[in-house]
Amino acid sequence: MELFTAYLGSYKDKNDPDHGASFYTFGFLDEKALGGQTPHYTPIDNSQGFWQFNSTTASIGDRKVDRTANTAIADTGTTLALVEDALCDAIYQAIPGAKYDETNQGYVFPNQTPVEQLPVVSFDVGGKEFAVQKEDLAFADAGNGMVYGGIQSRGSLSFDILGDTWLKGVYA
C-alpha cells in the first residue's frame with residue numbers, strides 16, 4: 001500500500017504537547033499523532049494527476065449539506081479551503097457580520113467575532129466528516145476590523161480543494 005501522511009501544526013498550538021510542529025511521514029503512520037484513533041481510509045482517483053476522493057456532504061453547525069457527486073482533493077500546497085459557491089455562501093451566512101468583499105475578492109467577517117459565534121464547519125472525506133478548527137476560519141487581516149475567511153470559492157473548478165485551512169485540523 002502506498003502511504004504518506006501530513007500533519008500541519010500551527011503557531012497557535014505552541015502550548016500543545018507537539019508545540020505546533022508540522023511533519024510528513026512516508027510509508028508509515030505516526031501512532032502518537034493518531035492519538036488512539038483508528039485511521040479512516042477512502043478510495044482515491046488519481047487519473048487527473050492528484051488524489052481525488054468523494055466529498056458528498058458538509059456540515060455548518062447542525063445543518064448537513066448534501067453535495068451529491070462532489071469530489072475534493074487535500075492539498076498542502078493550497079493555503080485556503082476552496083469550495084463551491086453555494087456552500088461558501090452558506091458558511092458565511094452562519095457567521096455574524098460576514099459579507100462578500102469586492103475589494104478583497106472574497107468573504108470577510110469581523111475580527112472580534114467570539115469563537116462561540118463561529119459555526120463548526122466540516123467536510124466529508126469518503127463517508128466521514130472532519131472539521132475545520134474554528135481558529136482557522138479566519139485567515140488574515142483584511143483591514144477595517146475584518147478578517148479574510150479561510151474558506152473561499154473554488155471558482156470554476158469542478159472539485160473542492162481542502163488546503164491548509166482544513167488540513168490543520170486533521171492528521172491526513
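**Stop one: Gln 52**

Select Gln 52 and show what surrounds it: leaving aside residues up to four places away in sequence, Gln 52 touches Pro 43, Ile 44, Asp 45, Thr 71, Ala 72, Ile 73 and Phe 159 (contact means heavy atoms within 4.5 Å). Before going on, note that this is a predicted model, where local features need pLDDT of at least 70, side-chain atom pairs count only at pLDDT 80 or more, and totals for chains, interfaces and linings use all residues. Numbering starts from 1 along each chain as its sequence is written, and side-chain values use heavy atoms, with hydrogens and water left out.

Is Gln 52 buried or exposed? Gln 52 is buried, at 7% relative accessible area (buried is under 20%, exposed over 50%, partly exposed in between, with a 1.4 Å probe and protein chains only).

**Stop two: the sheet**

Gln 52 sits in strand 3, so colour the strands next (DSSP runs of E, at least two residues, numbered from the N terminus). You'll find an open sheet of five strands, ordered 3-6-15-7-14, with mixed pairing (two strands pair if DSSP finds at least two bridges between them). Strand 3 (52–54) and strand 14 (151–153) are at the edges with a single partner strand each, so one side of each has no neighbour in the sheet.

**Stop three: strands 7 and 14**

Now pick strand 7 (residues 81–83): three bridges join it to strand 14, and the two run parallel. Click Leu 82, and its bridge partner in strand 14 is Gln 152.

Note on methods. Helices (H or I, at least four residues) and strands (E, at least two) are DSSP runs, numbered from the N terminus.
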